[in-house]
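Look at the sequence and the structure first.

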Amino acid sequence: MSITVVLCTYNRHQSLHTALNSVAASVLPESVEWEVLVVDNNSTDQTRKVAQEFCNRHPGRFRYLFEAQPGKSYALNSGIREARGNILAFMDDDVTVHPNWLHNLTAALSKDEWAGAGGRIMPEWTFSPPRWLSADSRHAAGPLVGFDPSPNAGRLKEAPIGTNMAFRKDMFEKYGYFRIDLGPRPGSEIRNEDTEFGDRLLSGGERLRYEPSALVFHPVTSNRINKEYFLKWWFNKGKSNILQFHTRQSTKYKIEGIPIFLFRNLVVWTCKWVFAIDPAQRFSSKLSVWTKVGEIVECYRRSLEIRKRAENRSALERA
């Protein structure tokens, strides 16, 4: 078995140094060949210098790749193409990994039974959460990057998260790469590029494994602990949901391309937001409202786009 750790980065040279230090300390059997591929997604800070430092310090272990096309999915796909391993593991530039992370995450993938794996992501708090936020809620897990679906190892029923997942490389050959219309890029915080790929495999009948001993630690930074950040994150998550799952949306009852049930959901969550007493419950309901608004906005945008394409085709046919 050979492993490539794909780490995409953009203008985070300080946290990148910490992340690379942690993965450099990985402990694996001597029989396993492994490398870390740092994909620089057009950074303008000292990212290249930091990556080169590790390439020089650990020759043959670290490699540097520059991807000029802005957008995380472009960087991920470039990393997949350039990876030498037959197992690809993914981590982000603002995390630290346990020394046994890489081995524990990938060990089971040497068997054909598993197409991929995900590990536990632990948010690292250095301060107490505010009253309006329940740190253990699902609404906190997304923006603060947490993933802990079970205390036990076993089959995953949901897609793993990008900073702690691994797949056999042939899964990308079989199912395609990460979608370039998903994933953060300049001017857009649309995400879901990671979970969409995992869902693609699950829909195809592939088996994904959860390994809670594969630990990644994600810092909870103060700039994320404000309501505006959470509201924006969940609004964009709503838009991402439509981009990812639009083919599963009912086509029967719609208004301007927007499924009727989204309006019903919006009303329900608005009532829960207005009448909730507990601060954390109230804000959680508000985040659900923002998610539904994001879904409605994206459905309407798609409807306009489809209508415009139809009008253009009609005009060409008349001409």
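This is a predicted model: local features need pLDDT of at least 70, side-chain atom pairs count only at pLDDT 80 or more; totals for chains, interfaces and linings use all residues.

Residues are numbered from 1 along each chain as its sequence is written, and side-chain values use heavy atoms, with hydrogens and water left out.

## Helix packing

Helices (H or I, at least four residues) and strands (E, at least two) are DSSP runs, numbered from the N terminus. Axes are lines fitted to C-alpha atoms, for helices over the stretch in contact, and angles run from 0 to 180 degrees between N-to-C directions.

| Helix pair | Angle | Axes |
|---|---|---|
| Helix 1 (13–24) and helix 2 (47–57) | about 20° | 9 Å apart |
| Helix 9 (260–275) and helix 10 | about 155° | 8 Å apart |
| Helix 8 (227–245) and helix 10 | roughly 40° | within 7 Å |

Take helix 1 and helix 2, which pack at about 20°. Helix 1 is therefore roughly parallel to helix 2. The crossing is right-handed. Contact means heavy atoms within 4.5 Å. From helix 1 come His-13, Leu-16, His-17, Leu-20 and Asn-21; they meet Thr-47, Val-50, Ala-51, Glu-53, Phe-54 and Arg-57 of helix 2. By class, this contact of helix 1 with helix 2 holds 5 nonpolar, 4 polar and 2 charged residues. Here Ala, Val, Leu, Ile, Met, Phe, Trp, Tyr, Cys and Pro count as nonpolar, Asp, Glu, Lys and Arg as charged, and the others, Gly among them, as polar.

Next come helix 9 and helix 10, with an angle of about 155°. They are therefore roughly antiparallel to each other. Helix 9 passes helix 10 in a left-handed crossing. On the helix 9 side, the contact includes Phe-263, Trp-269 and Trp-273, and on the helix 10 side it includes Val-289, Trp-290 and Ile-296. The residues of this contact of helix 9 with helix 10 are 11 nonpolar, 4 polar and 5 charged.

Helix 8 also packs on helix 10, crossing at roughly 40°. Helix 8 is therefore oblique to helix 10. Their crossing is right-handed. The contact of helix 8 with helix 10 has 12 nonpolar, 4 polar and 7 charged residues.

## A cavity and a pocket

On a 1 Å grid over the protein atoms alone, a cavity is a set of points where a 1.4 Å probe fits but cannot get out; a pocket is an open set with protein on both sides within 12 Å along at least five of seven lines; lining residues have an atom within 4 Å of a point. Grid points are joined across faces, edges and corners, and a volume is the space filled by probe spheres set on the points.

How many cavities of 30 Å³ or more are there? The count is 1. The largest cavity holds about 60 Å³. Its lining includes Val-6, Phe-90, Met-165 and Asp-194. Strand 1 (2–9) gives the largest share of that lining, 3 residues.

The second largest pocket holds about 150 Å³. It has 10 lining residues; Lys-254, Gly-257, Cys-299, Arg-302 and Ile-306 lie nearest its centre. Helix 10 (279–318) gives the most to this lining, with 4 residues.

Note on methods: Angles under 35 degrees count as roughly parallel, over 145 as roughly antiparallel, 65 to 115 as roughly perpendicular and the rest as oblique. A crossing is left-handed if the near helix is turned anticlockwise from the far one by less than a right angle, and right-handed if clockwise.
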